[in-house]
Amino acid sequence: MIIGVIAVIATVVALAQKQPGAALACGVGTALFVALACTYTLSPNEVGIEITRGRIAASPNGPGGWHSKAPWTKVEKLTVLPFTAEAHDITMTNVDSGTFALRVVPRWHTDPKQAVAVYRNRRTSDEAKITEQLIYPLIDGFANDVAKDYGNDTTYVKDAKGNDTAVVLRQGIPTASTLAFTEKISALLAPKLAAKGIVLDDLTPQGKLNPSPTMQTALDELSAAKAKTKRAAEDVNTANQEATAARLRADGAAAAASKIPAALTTEQEHLL
């Protein structure tokens, strides 16, 4: 703006001093400055948000094209191409107070029609800052919501006798599908971001659900207890089988013994 004022003054002075060449040069410079100060271009993948003295325009311009503006208007440019963020580590707590982690990579883009909402939310067009300040915290919150549906160990619906059925009541983290877990986070995250002008393209997990050392210790103890219970049940079953076999042998011996007197009596009668 200051440069433009100087150029205008220089043009007037040159004309006053009857220096047409200098006046022409200053005039061209002034026109060039005005053209640059009052116009801007957007690439095919950009939208522009005009900010005039702190007031944000109600709607964006673009994507793409040549646009005019006041010299004192600032333009924030947002790309509408998908942005792949840095990997993000989430720490969660399940219904059994077990803590575990998951690494995910969000990929998103600005809805061209909602670019003003995106900018207003954090007053920035920097995708990395938007991700860090808005998207990561939402991922953390929704991930912990999903984690409450999981336990340390898989539990099953009981039948009338109290025995486990094949129907899963709550999935345990060690056997949970990382992809299914991430999809549940995405299902909660996508509409929340859409309301803020952001389209969630993908939420990709890296690696598996990773129990913390404390949770892993609890899982190991649970596994050992289940193995002990299984061995005890097997021992009881073996003892029952052995007792049954012994009883059958005894019953067989008794039955055979009871037949011996009858056989002797028959043989003596035959001899007489």
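**Salt bridges, strands and surface of the predicted model**

Asp-89 is partly exposed, with a relative accessible area of 48%. The values reported here come from a predicted model. Asp-89 forms a salt bridge with Arg-103. The closest N and O atoms of this pair are 2.6 Å apart. The link spans distant parts of the chain, with Arg-103 in strand β8 and Asp-89 in strand β7, 14 residues apart. Arg-103 is partly exposed as well, at 38% relative accessibility.

The structure holds three salt bridges in total. One of them brings together the side chains of Lys-74 and Glu-76, at 3.2 Å from N to O. Lys-74 has a relative accessible area of 46% and is partly exposed. Glu-76 reaches 14% relative accessibility, so Glu-76 counts as buried under the 20% cut-off. A further salt bridge joins Lys-158 to Asp-164, at 2.5 Å from N to O. Asp-164 is partly exposed, with 45% relative accessibility.

The overall make-up of the protein was considered next. The secondary structure comprises six helices and twelve strands. The protein has 272 residues, and 29% of them count as buried. Its accessible surface is about 16800 Å². Carbon and sulfur atoms contribute 59% of that surface.

Strand pairing was then traced. In general, strands of a sheet pair through backbone hydrogen bonds, in either the parallel or the antiparallel sense. Three strands of the model form an open sheet, ordered β3-β2-β5, with antiparallel pairing. Strands β3 (55-56) and β5 (73-79) are the edges of this sheet. Each edge strand has a single partner strand, so one side of each lacks a neighbour in the sheet. Helix α3 (residues 115-122) packs on the sheet and touches β2, β3 and β5. The direction of α3 makes about 55° with that of β2. Strand β2 covers residues 46-52 and is joined to β3 by two bridges. These two strands run antiparallel. Thr-52 has Arg-55 of β3 as its bridge partner.

Strand β8 (residues 99-110) is joined to strand β6 (residues 83-84) by two bridges, and the two run antiparallel. Phe-83 has Trp-108 of β8 as its bridge partner. Strand β7 (residues 88-93) also pairs with β8, over six bridges and in the antiparallel sense. Here Thr-91 stands opposite Ala-101. Strand β12 (residues 198-211) pairs with β8 over ten bridges, again in the antiparallel sense.

Strands β7 and β8 form a hairpin with five residues between the strands. Ser-97 is found in the loop between β7 and β8. The phi of Ser-97 is near 65°, a positive value in a residue other than glycine. Ser-97 counts as exposed, with 59% relative accessibility.

Other backbone features also lie in loops. Arg-123 is not a glycine, yet it has a positive phi of about 55°. Arg-123 is placed in the loop between α3 and α4 (127-147). The peptide bond from Gly-62 to Pro-63 is cis, with omega near 5°. Pro-63 is placed in the loop between β3 and β4 (65-68).

A nonpolar patch was found on the surface. Val-157, Val-167 and Leu-169 form this patch. Together they have about 260 Å² of accessible area. Val-157 lies in strand β10 (residues 155-158). Val-157 counts as partly exposed, at 33% relative accessibility. Patch residues must have over 30% relative accessible area, so Val-157 passes that cut-off.

How values were computed: Residues numbered from 1 in each chain as written. Predicted model: local features only at pLDDT ≥ 70, side-chain atom pairs only at ≥ 80, totals over all residues. Heavy atoms only, no water. Pairing = 2+ DSSP bridges. Helix = DSSP H or I, 4+ residues; strand = E, 2+ residues; numbered from the N terminus. Contact = heavy atoms within 4.5 Å. Axes fitted to C-alpha atoms, helices over the stretch in contact; angles between N-to-C directions. Salt bridge = Lys/Arg side-chain N within 4 Å of Asp/Glu carboxyl O. Buried < 20%, exposed > 50% of the residue type's maximum accessible area, 1.4 Å probe, protein only. Patch = residues over 30% accessible without salt bridge, like charges linked within 9 Å, V, L, I, M, F, W, Y side chains within 5 Å. Areas by Shrake-Rupley, 256 points an atom, 1.4 Å probe, with all protein chains shown as cover.
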